[in-house]
Amino acid sequence: MPPVQPRIVLASTSRYRRDLLARLGIDFDIFAPNVDESPLPGEAPQALALRLSRLKAEAARQAYPAALIIGSDQVAVLDQELLGKPGDYDNAYRQLQGMSGRQVEFHTAVSLLNSATGSLQSDVAVVRVRFRRLSDEDIRSYLSKEPAFDCAGSARVESLGIALCERVESDDPTALVGLPLITVVSMLQREGVSVL
């Protein structure tokens, strides 16, 4: 008789992360972490993403005392400036204007907490995206077809947003969408969970 697999929890309300984790064909619960995502003074983007991924995993620990909890966060950076979720058309328009013809780094952190043992694994995947030179008409057309106001950097690359990109450099293409699945699979394996 195979051993009982621990419960897996995704500490995120992001539909993108939920859809990505579902690709692995595993059952998991969703927990909505209540975490202040404000950066600390002088905090580097990678450190911010890592800290938030850990906080999100820890936030679910009390509700799931014997589970494998996945927390994740993504920080987009253009010339040392953090690019958050735009929230509305005007902010998205400004972000895309600023990103035109330039490189943006996306730091996607993931943490896996074994709430029963306290073991914590964390890692960051960095994705570099060079954006095409975008005309005002390009930006207006994109936002009319895909108002990506809930995506850091205003570009939903898993759909039409890929047309904004000239080049993507990454060891894990899923990291750009919000959850580096290659890393998640490795972390789960270290906890004795195989998705195959």
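Start at Asp73: it counts as buried, because its relative accessibility is 4% (buried is under 20% relative accessible area, exposed over 50%, partly exposed in between, with a 1.4 Å probe and protein chains only). This is a predicted model, in which local features need pLDDT of at least 70, side-chain atom pairs count only at pLDDT 80 or more, and totals for chains, interfaces and linings use all residues. Residues are numbered from 1 along each chain as its sequence is written, and side-chain values use heavy atoms, with hydrogens and water left out.

Stop 1: Helices (H or I, at least four residues) and strands (E, at least two) are DSSP runs, numbered from the N terminus.

**Stop 2: around Asp73.** Now select Lys56. Its side chain makes a polar contact with the side chain of Asp73, at 2.8 Å (N or O atoms within 3.5 Å; within protein, one must be able to donate a hydrogen and the other to accept it, and residues adjacent in sequence count only if both atoms are side-chain atoms). Setting aside neighbours within four places in sequence, the contacts of Asp73 include Arg17, Glu37, His107 and Thr108 (contact means heavy atoms within 4.5 Å).

**Stop 3: the largest pocket.** Its volume is about 690 Å³. A pocket is an open set of points on a 1 Å grid over the protein atoms alone, where a 1.4 Å probe fits, with protein on both sides within 12 Å along at least five of seven lines; lining residues have an atom within 4 Å of a point. Points are joined across faces, edges and corners, and the volume is the space filled by probe spheres set on them.

Select Arg17, Gln74, Lys85, Asp150 and Ala152: of the 35 lining residues, these are the closest to the centre. Strand 3 gives the largest share of the lining, four residues. Helix 1 (15-22) and helix 2 (45-59) are among the elements that supply at least two each. Colour the lining by class: 20 nonpolar, six polar and nine charged (Ala, Val, Leu, Ile, Met, Phe, Trp, Tyr, Cys and Pro are nonpolar; Asp, Glu, Lys and Arg charged; the others, Gly among them, polar).

**Stop 4: two positive phi values.** Go to Gln80, in the loop between strand 3 and strand 4. Its phi is near 70°, and Gln80 is exposed at 71%. Finish at Ser154, in the loop between helix 4 (136-145) and strand 7 (165-169). Phi of Ser154 is near 65°, and Ser154 is buried at 0%.
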